[in-house]
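Hi everyone, and thanks for coming. Let me put a new structure on the screen, and then we can walk through a few parts of it together.

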Amino acid sequence: MTLTQLYVTLAIGTGVLLVSVAAARLAARLGMPVLLAYLGVGLLLGQDGLGLPFDDAALAQALGMAALAVILVEGGLTTDVKDVRPVLAPATVLATLGVLISVGVTAAATYLLLDVGWQMALLLGAIVSSTDAAAVFAVLRAVPLPKRLTSLVEAESGLNDAPTFILVLTFSAATLEAVQPLPLLVAMLFQLAAGGVIGLLIGTVGVWLLRRLTLPTSGLYPIAIVGCGVLAYAVAGLTQTSGFLAAYLAGLVLGNAGLPHRRATRSVAEGLGWIAQIGLFVMLGLLVTPSELPGSVVPALVVGAALLLVARPASVLVALAAFRVPLREQVFLSWAGLRGAVPIVLATIPVVTGAPGSDQVFNVVFLLVVVFTVIQAPALPWLARRLRLAPHRLGPDLQVELAPLDAMDADLIHVTVEPGSRLQGVYLPELRLPPPAATTLVVRGPDTFVPDQHTRLRVGDQLVVLTTPRVREATERRLRAVARAGRLAGWFGETGHPDPAPTANRR
């Protein structure tokens, strides 16, 4: 590759990335999961759009699996184990028994309503039986659901990828006559158990090492932590066990171990997760040929309707029968089973193995994910309110929206009172920050509070200072000056210049 080709590749790649980010913003405003925006970008760039050729299903499968590994590690790292622990049992049953019920019911409906054999029906049922937490929470980010319910959806989505992957591999590589139910069930349980053990083991060893190693810079901690999660996925794959489950559980262990620089790690992991999602969905959009989709519309609608209206409710009802989950929560869980990246990636497996009718399967799955995401996603907030799982209104004429700071023309400054800092003992009014800058939050150990005029700073306090771009530099200088010379910094000639050399008569 020449330098010119490199520059062109980088320009196109970053252009696609920025367009995808802008498209995600539009999808969010419309109440749709961002996966639709990324798929749309891929379709626009593809053979029936701008003409970019891409039809390598094997490469798409390999890159898709790698992206899913990163997404699952990020999911584990950003999940609070305290929220997952109470719902772990129902989530596990829903992700195993529930998946088997969903596969069976969907396959039966597909066999009866479409002109396909049992193997094709079971393959389709297995591919579409995995839910997508990212798609659900992208829609419900502003809906205050009960914590137990959101944790159940999240845990199920992190766990159910593994059994569906095993089933898809089985139905793609072997004839139906060669598949024995009992040995298949035993093999599935072994792969899940062994993959879980590998994930927990590598996560635990990673925690042990990172607590004893002092890395030269904080930026290496997120890389090491995410690397441990991906390592768990790779080791599980090499041992023919569940890499998906290993990656998720390793991330769960690492993310809840209280390791240094946890906030930075979560931020890096979320960024990597977004890059993986954008690349994955754009690539899958490129892999589709829109001109071949019309013939798959009816099968996609039939399979999707059977999944949404029969298979998913039946799996939720049976799997949660022993856990006393309220009926209204079961109704919501039935509708909230959004499909996302995993089914489309899984649909590349029969294409790579050369299974009969695999191209038709891929098109059906792609259409099913797109169409039923459009149907289900906008209705989820409304359904949550109708089932009294979320308040109808947050307050009289009150609209709440997460707004980026740049939309408010504001900046945040994070300050830590280090040992030896003259900020220690200073009362908040004595900071005398330039208006309109203000200290809006103080984090003191496990406590977080809004400070007032009687708040006196201590070593270890973390301050959140809200300011504007116009006075940000002056605010930073004042904070730096007080940290060096105390509340009377100005009297001692301390200006808070970034380079301490120009200051004079420092106390």
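A crossing is left-handed if the near helix is turned anticlockwise from the far one by less than a right angle, and right-handed if clockwise. The names come from DSSP runs, numbered from the N terminus: helices are H or I runs of at least four residues, and strands are E runs of at least two.

Before going further, a word on the source: this is a predicted model, where local features need pLDDT of at least 70 and side-chain atom pairs count only at pLDDT 80 or more, while totals for chains, interfaces and linings use all residues. Residues are numbered from 1 along each chain as its sequence is written, and side-chain values use heavy atoms, with hydrogens and water left out.

Back to our pair. Two packed helices are described by the angle between their axes and the distance between the axes. Helix H6 covers residues 118-127 and helix H9 residues 161-173, and their axes come within 8 Å and cross at roughly 160°. The axes here are lines fitted to C-alpha atoms, for helices over the stretch in contact, and angles run from 0 to 180 degrees between N-to-C directions. That angle makes H6 roughly antiparallel to H9. As for the cut-offs, under 35 degrees counts as roughly parallel, over 145 as roughly antiparallel, 65 to 115 as roughly perpendicular, and the rest as oblique.

Which residues of H6 and H9 meet? From H6 we have Gln119, Leu122, Leu123, Ala126 and Ile127, and from H9 Thr164, Leu167, Val168, Phe171 and Ser172. Contact means heavy atoms within 4.5 Å. The residues of this H6 and H9 contact divide into 7 nonpolar, 3 polar and no charged. In that sorting, Ala, Val, Leu, Ile, Met, Phe, Trp, Tyr, Cys and Pro are nonpolar, Asp, Glu, Lys and Arg are charged, and the others, Gly among them, are polar.

Now let's zoom out. The protein chain has 20 helices and 4 strands. Of its 507 residues, 48% count as buried; buried means under 20% relative accessible area, exposed over 50%, and partly exposed in between, using a 1.4 Å probe and protein chains only. Among contacts in the chain with a separation of 6 or more, 76% are between residues 24 or more positions apart.

Next, please find helix H14, residues 297-319. The axes of H14 and helix H18, residues 358-376, come within 8 Å and cross at roughly 55°. That makes H14 oblique to H18, and the crossing is right-handed. The contact includes Val297, Pro299 and Leu308 of H14 and Gln360, Val364 and Phe372 of H18. Its residues divide into 12 nonpolar, 3 polar and no charged.

Is Pro299 buried or exposed? At 15% relative accessibility, Pro299 counts as buried. Leaving out residues up to four places away in sequence, Pro299 touches Leu114, Gln360 and Val364. Pro299 and Val365 are 66 residues apart in sequence, and their C-alpha atoms are 9.4 Å apart in space.

H14 has another partner to show you. Helix H5, residues 88-113, packs with H14 at an angle of about 145°, with their axes 8 Å apart, and this crossing is right-handed. Among the residues in contact are Val93, Leu94 and Ile101 of H5 and Val302, Val310 and Ala314 of H14. The whole contact divides into 17 nonpolar, 5 polar and no charged.

Now a look at Glu156, which sits in helix H8, residues 147-159. At 2% relative accessibility, Glu156 counts as buried. Its contacts, not counting residues up to four places away in sequence, are Ala91, Leu94, Ala95, Thr131 and Arg312.

Finally, some backbone details. Where is Arg324? Arg324 is in the loop between H14 and helix H15 (327-335), with phi near 55°, a positive value in a residue other than glycine. At 80% relative accessibility, Arg324 counts as exposed. Arg432 also has a positive phi, of about 50°, although it is not a glycine. Arg432 lies in the loop between E1 and E2 and, at 48% relative accessibility, counts as partly exposed. Pro436 lies in the loop between strand E1 (411-416) and strand E2 (438-444), and the peptide bond from Pro435 to Pro436 is cis, with omega near 5°.
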